[in-house]
Amino acid sequence: MAARRARPLKAPDKLVFLLSFVPYLLEQRVVAVSEAAAHFGMTDDEIRDAVRLIATSGLPGSTGTYQPNDLFDIDWDSFEDDDVIVIVHHVAIDDAPRLSAREAAALIAGLQYLSASPENAGSASLASLMAKLTAGASATPSRLAVAETEADASLAVIRQAVAVGRQIEFDYLNARGVASRRRADPLRIISQDADWYLQAYCHTREDVRNFRVDRMSALVLTDEPVGDHSQHVVPDTLFQRSDSDLDVVVDVSPSTLPLLADYLADSRTHEVGGRLRVTLRLAHVHGLKRLVAGLPGLVTVVSPPEARAAVAEWAEAGLDAYRGRDASAETPGTAGDGEP
């Protein structure tokens, strides 16, 4: 049985409850007050008060005044004598949107992912929201579990380093595919879409750098304290412009433009064949590969030639990998089994 609350609901929570309570009653058809209270984690008296409130709710008809059929109605004899709720007339509820079980399960999975992060551990608000989604769905949501990724394990080490103010060492694979061992003073953790980044003072580069967490491995929390970096400016935004950046002209779908806001060199655009031609500013052409892959069919690289060539070669390498896999699957006897 759900735990009963000691404090009354606040107005926003009460509204959310009522929006879930009415569809619940209609779906149950006949339900005891105690059963409804257990379902929503409330007291019997709170459920009775909610029922009385519903019975005074409705929409005025064409006359602008409330008529008997414009209000909710319940079986008062069953309610007062047997403590059972039966709605015998309802209004303006048939088209009320409700989350499907699949939609609720997807949202709950996202909330579970947020709950797994150290800063949200034990969050009562997230737990309450998951309970409300479960109770308000049209059917019982599927039970899902969010698996921990390698990046999640790295984030745990990084957060600990930030909390205790100690340096970290790690292997880093940059966008060009070059690996190196780094020592850094962690300063701040930032999320960008589905990726996590660490802003840190890199002792190898002797400057503040951004590191993508999923490219970091073999993290070690050292005993060395972080230094004083008050003289270094830590940018508020993740991506910063540099004189060495490359300007890349692309044609994009208009709906894609907000997703590229961090990369835009300026706000000038003009239409070309139903698309918008814009200029992006990137650190190097390799950054285009991931950008184009994340927006398939929505971004076309126009110039410079080296940028077009880099993306084309990357795409061709991907196709070759698929062709090789298909050929291997279709040709038996190529794995050293003695067949010609």
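## Salt bridges in a predicted model

Asp223 is exposed, with a relative accessibility of 68%; here exposed means over 50% relative accessible area, buried means under 20%, and partly exposed lies in between (1.4 Å probe, protein chains only). This is a predicted model, in which local features need pLDDT of at least 70 and side-chain atom pairs count only at pLDDT 80 or more, while totals for chains, interfaces and linings use all residues. Residues are numbered from 1 along each chain as its sequence is written, and side-chain values use heavy atoms, with hydrogens and water left out.

Let's look at the partner of Asp223. Arg166 forms a salt bridge with Asp223, a salt bridge being a side-chain nitrogen of Lys or Arg within 4 Å of a carboxyl oxygen of Asp or Glu. This pair links distant parts of the chain, 57 residues apart: Arg166 sits in strand S5 (residues 166-173) and Asp223 in strand S9 (residues 216-225). Strands (E, at least two residues) and helices (H or I, at least four) are DSSP runs, numbered from the N terminus. Arg166 itself is partly exposed at 25%.

The whole structure holds 11 salt bridges, including these:

| Pair | Closest N and O atoms |
|---|---|
| Asp49 and Arg52 | 3.5 Å |
| Arg166 and Asp223 | 3.4 Å |
| Asp214 and Arg212 | 2.8 Å |

Asp49 and Arg52 both belong to helix H3 (residues 44-54), where they are three residues apart, about one turn of the helix. Arg52 is partly exposed, at 40% relative accessibility.

And the Asp214 pair? Asp214 is partly exposed at 42%, whereas Arg212 is buried at 9%. Elsewhere, salt bridges with shared partners join Glu169, Asp171, Arg181 and Arg183 into one network.
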